[in-house]
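Here's a quick briefing to read with the model open beside you. Take a look at the fold first, then work through the topics below.

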Amino acid sequence: MVSVPRLVVAAPSSGSGKTTVATGLMAAFAARGLAVSPHKVGPDYIDPGYHALATGRPGRNLDAYMCGPELMAPLFAHGARGCDLAVVEGVMGLYDGASGQGELASTAQVSKLLRAPVVLVVDASSQSRSVAALVHGFASWDPRVRIGGVILNKVASDRHEALLREALDESGLPVLGVLRRAPQVATPSRHLGLVPVAERQAEAVDAVRAMGERVREGCDLDALMTLARSAPDLPDEAWEPELHPAPSTRPVIAVAGGPAFTFAYAEHAELLTAAGAEVAVFDPLHDEKLPAGTAGLVIGGGFPEVYGPELSANEPLRRAVAELALSGAPVAAECAGLLYLARELDGRPMCGVLEASARMSERLTLGYRQAVAVADSSLAVAGTRMRGHEFHRTVLEPGAGATPAWGLHQPERRVEGFVQRGVHASYLHTHWAAAPGVARRLVERCGA
């Protein structure tokens with residue numbers, strides 16, 4: 001049984017202030033000395049970085065599309081083990097999920113799977129009495145979603161607050177917080193959303209501290225904690241990254257990190273470790289060598305397009321990566337990693353492992369994908385089915401090698417990515433908790 005007090009922070013739409021409130025709640029409760037477990041609905045990598053800064057614990061994702069609804073409670077329990085409180089930040093609007101898939105991967109679905117009360121964050125700017133109709137509609141749309149209270153955001157004045165509270169008195173839902181407009185708490189954004197914590201550490205610390213202070217001053221933390229404690233026990237066992245490695249197996253797998261490669265799910269490193277690997281993080285911006293004894297390489301997502309000059313200038317590391325790939329060692333690259341392995345990015349030399357060129361584009365490629373492995377690779381055997389997510393503003397030419405990595409079946413049919421020697425490179429982000437055999441296979445290939 002899982003008995004962690006928990007809250008889901010949701011909103012009617014994106015831009016309402018979920019991240020500010022969720023991160024602020026995490027920081028405010030952590031400042032009270034509580035062990036707070038941070039979670040994010042959906043595939044987003046950036047918000048969990050701010051959550052981790054607020055709590056001192058890894059930010060973890062709960063994505064019902066990529067991992068399946070059945071893993072939501074176990075993954076939650078894994079992350080929240082031993083904590084006093086869990087705060088789950090929603091995605092988009094409360095009832096928005098995978099396109100054309102009903103409630104799948106929505107905040108509403110995850111809240112039901114976690115049996116967690118929802119706190120609805122409402123952007124109250126430019127409305128007064130209408131806020132009651134909006135809140136009533138969201139609270140009554142699905143009776144199985146338990147909205148336990150409202151936090152009003154972007155409230156203009158005391159008079160505005162009084163009007164909003166008067167309107168909501170008739171809704172039966174308590175106002176658990178009121179936040180005034182506070183531009184100093186804003187975090188900068190660019191082409192793929194918020195700027196990651198790793199790129200602005202000092203400023204991010206200040207922003208998270210400001211969020212925590214703002215929430216502490218504007219919200220009833222005691223009432224919110226009481227609401228969190230009202231969540232019933234979950235009859236689910238925690239997910240465990242148990243892969244039973246061979247005793248003699250202990251290969252070093254280098255994992256790219258630093259400001260250019262910030263997209264990673266915490267469970268990936270846990271699965272590699274459970275499979276018997278020694279995980280060694282390195283920074284392609286500054287490290288001129290791969291970690292000593294590197295037998296495999298994982299290069300996840302991030303922003304190589306922002307750091308193109310620095311990545312290109314680190315010629316010794318580019319050469320080391322190319323030599324490792326040429327040796328046949330297993331190399332798993334997703335999105336940013338794919339671009340880093342290419343011949344060039346925006347005209348600047350990269351590792352040259354793949355005969356492909358990448359460039360920035362005005363077009364955003366975004367969405368969930370159904371994928372099937374086209375050929376045997378260091379990650380999967382041919383025919384393996386996985387679900388993933390694409391999120392980039394770059395174009396790779398060609399988009400697939402002689403042996404593609406994946407055949408995609410949603411929203412259109414196409415092949416994508418590269419499989420050559422030990423390299424598996426693709427735009428597709430995947431969550432290995434849904435297919436732990438991926439990590440085991442990668443580790444086993446290190447000794448092949």
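Helices (H or I, at least four residues) and strands (E, at least two) are DSSP runs numbered from the N terminus, and two strands pair if DSSP finds at least two bridges between them. This is a predicted model, where local features need pLDDT of at least 70, side-chain atom pairs count only at pLDDT 80 or more, and totals for chains, interfaces and linings use all residues. Residues are numbered from 1 along each chain as its sequence is written, and side-chain values use heavy atoms, with hydrogens and water left out.

- Strand β2 covers residues 36–41 and is mostly covered, with six of its six residues buried. (Buried means under 20% relative accessible area, exposed over 50%, and partly exposed in between, using a 1.4 Å probe and protein chains only.)
- From β2, Val36, Pro38 and Lys40 point one way, while Ser37, His39 and Val41 point the other way; all are buried.
- β2 and β4 run parallel and are joined by five bridges.
- On the β3 side, three bridges join β2 to β3, again running parallel, and Lys40 has Asn61 as its bridge partner there.

**The seven-stranded sheet**

- These strands belong to an open sheet of seven, ordered β3-β2-β4-β1-β5-β6-β7, with parallel pairing.
- β3 (60–62) and β7 (175–180) are the edge strands, each pairing on one side only.
- Neighbouring strands here are turned by 25° against each other on average, ignoring direction. (Axes are lines fitted to C-alpha atoms, for helices over the stretch in contact, and angles run from 0 to 180 degrees between N-to-C directions.)
- β1 (residues 6–10) pairs with β4 (residues 85–89) in the parallel sense over four bridges, and Leu7 stands opposite Val87 in β4.
- Helix α6 (residues 158–168) lies across β6 (147–155) and β7, at about 155° to β6. (Contact means heavy atoms within 4.5 Å.)
- Helix α8 (residues 221–229) lies across β1, β4, β5 (118–123), β6 and β7, and runs at about 110° to β1.

**The six-stranded sheet**

- An open sheet of six strands has mixed pairing and the order β11-β10-β12-β13-β21-β20.
- β11 and β20 (418–420) are at its edges with a single partner strand each, so one side of each has no neighbour in the sheet.
- The twist from one strand to the next averages 15°.
- Inside this sheet, β10 and β12 pair in the parallel sense over four bridges, with Ala254 opposite Leu297 in β12.
- Helix α9 lies across β10, β11 and β12, at about 140° to β11.
- Helix α11 (residues 315–326) also packs on the sheet, touching β11, β12, β13 and β21, and its direction makes about 110° with that of β12.

**Nonpolar cores**

- Which residues touch the most other members of the largest nonpolar core? Of its 113 residues, they are Phe76, Leu94, Leu152, Leu224, Ile253, Leu272 and Trp432. (A nonpolar core is a set of buried Ala, Val, Leu, Ile, Met, Phe, Trp, Tyr and Cys residues joined through side-chain atoms within 4.5 Å.)
- Helix α1 (residues 18–31) gives this core its largest share, seven residues.
- Trp432 is in contact with residues including His268, Leu271, Leu272, Val298 and Glu334, leaving aside neighbours within four places in sequence.

- (On a 1 Å grid over the protein atoms alone, a pocket is an open set of points with protein on both sides within 12 Å along at least five of seven lines, where a 1.4 Å probe fits; lining residues have an atom within 4 Å of a point.) Grid points are joined across faces, edges and corners, and the volume is the space filled by probe spheres set on them.
- Its lining has 41 residues, of which Phe261, Thr262, Phe263, Ala264 and Tyr265 lie nearest the centre.
- The largest share of the lining, five residues, comes from α2.

**Around Gly383**

- Gly383 lies in the loop between β16 (357–373) and β17 (385–397), and is partly exposed, with a relative accessible area of 42%.
- Gly383 touches Val372 and Ala373, not counting residues up to four places away in sequence.
- The C-alpha atoms of Gly383 and Gly407 are separated by 9.5 Å, with the two residues 24 apart along the chain.
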